[in-house]
Amino acid sequence: ATAVNHEINNPLASISASAQLLRYHVDKYDLQKDSVASTQALTEEMDVAAMNRLLDVILEQCDRIADFNRKLSGVVNPVTRSSGGH
């Protein structure tokens, strides 16, 4: 149970933190986009490459959870999987 908890919670924490950082940047952009001076300043501050890296982290961690789930489904009921469902 501890290992399962670890395998699920670590990627979820990473996904949550990355999504929160993306939300911060999006909200900041929404608040400042109407001002020309603010837009220029925001463009200098907002690092699209950094936001893409956060998206990469989110997608990688989602894949990690999906892979773990596939492995877990084989462990949960190995008899059913090996006997063709009987």
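Q: To begin, how many salt bridges are there?
A: This is a predicted model, and the count in it comes to three salt bridges.

Q: Which side chain does Glu7 meet in a salt bridge?
A: Glu7 pairs with Arg64, with an N to O distance of 3.9 Å. The two residues lie 57 residues apart and link distant parts of the chain. Glu7 belongs to helix 1 (residues 2-32), while Arg64 belongs to helix 3 (residues 48-76).

Q: Why would two such side chains pair at all?
A: Side chains of opposite charge can pair when their charged atoms come close.

Q: Next, what does Asp67 do with Lys71?
A: Their side chains form a salt bridge, at 3.2 Å from N to O. Both residues are in helix 3, and because they are four residues apart, about one helical turn separates them.

Q: What about Arg70 and Asp67?
A: Those side chains also meet in a salt bridge, here at 3.6 Å from N to O. Arg70 and Asp67 are three residues apart in helix 3, so the separation is again about one helical turn.

Q: Which residues make up the network, then?
A: Salt bridges link Asp67, Arg70 and Lys71 in a network.

Q: How accessible are Asp67, Arg70 and Lys71?
A: Asp67 is partly exposed, at 30% relative accessibility. Arg70 is exposed, with a relative accessible area of 54%, and Lys71 likewise counts as exposed at 54%.

Q: Changing topic: how many helices and strands does the protein have?
A: The protein has four helices and zero strands. Read from the N terminus, the order of elements is α-α-α-α.

Q: What share of the residues is buried?
A: Of the 86 residues, 13% count as buried.

Q: Last one: what share of the contacts comes from residues 24 or more positions apart?
A: Among contacts with a separation of 6 or more, such residues account for 67%.

Terms used. Residues are numbered from 1 along each chain as its sequence is written. This is a predicted model: local features need pLDDT of at least 70, side-chain atom pairs count only at pLDDT 80 or more; totals for chains, interfaces and linings use all residues. Side-chain values use heavy atoms; hydrogens and water are left out. Buried means under 20% relative accessible area, exposed over 50%, partly exposed in between (1.4 Å probe, protein chains only). Contact means heavy atoms within 4.5 Å. A salt bridge is a side-chain nitrogen of Lys or Arg within 4 Å of a carboxyl oxygen of Asp or Glu.
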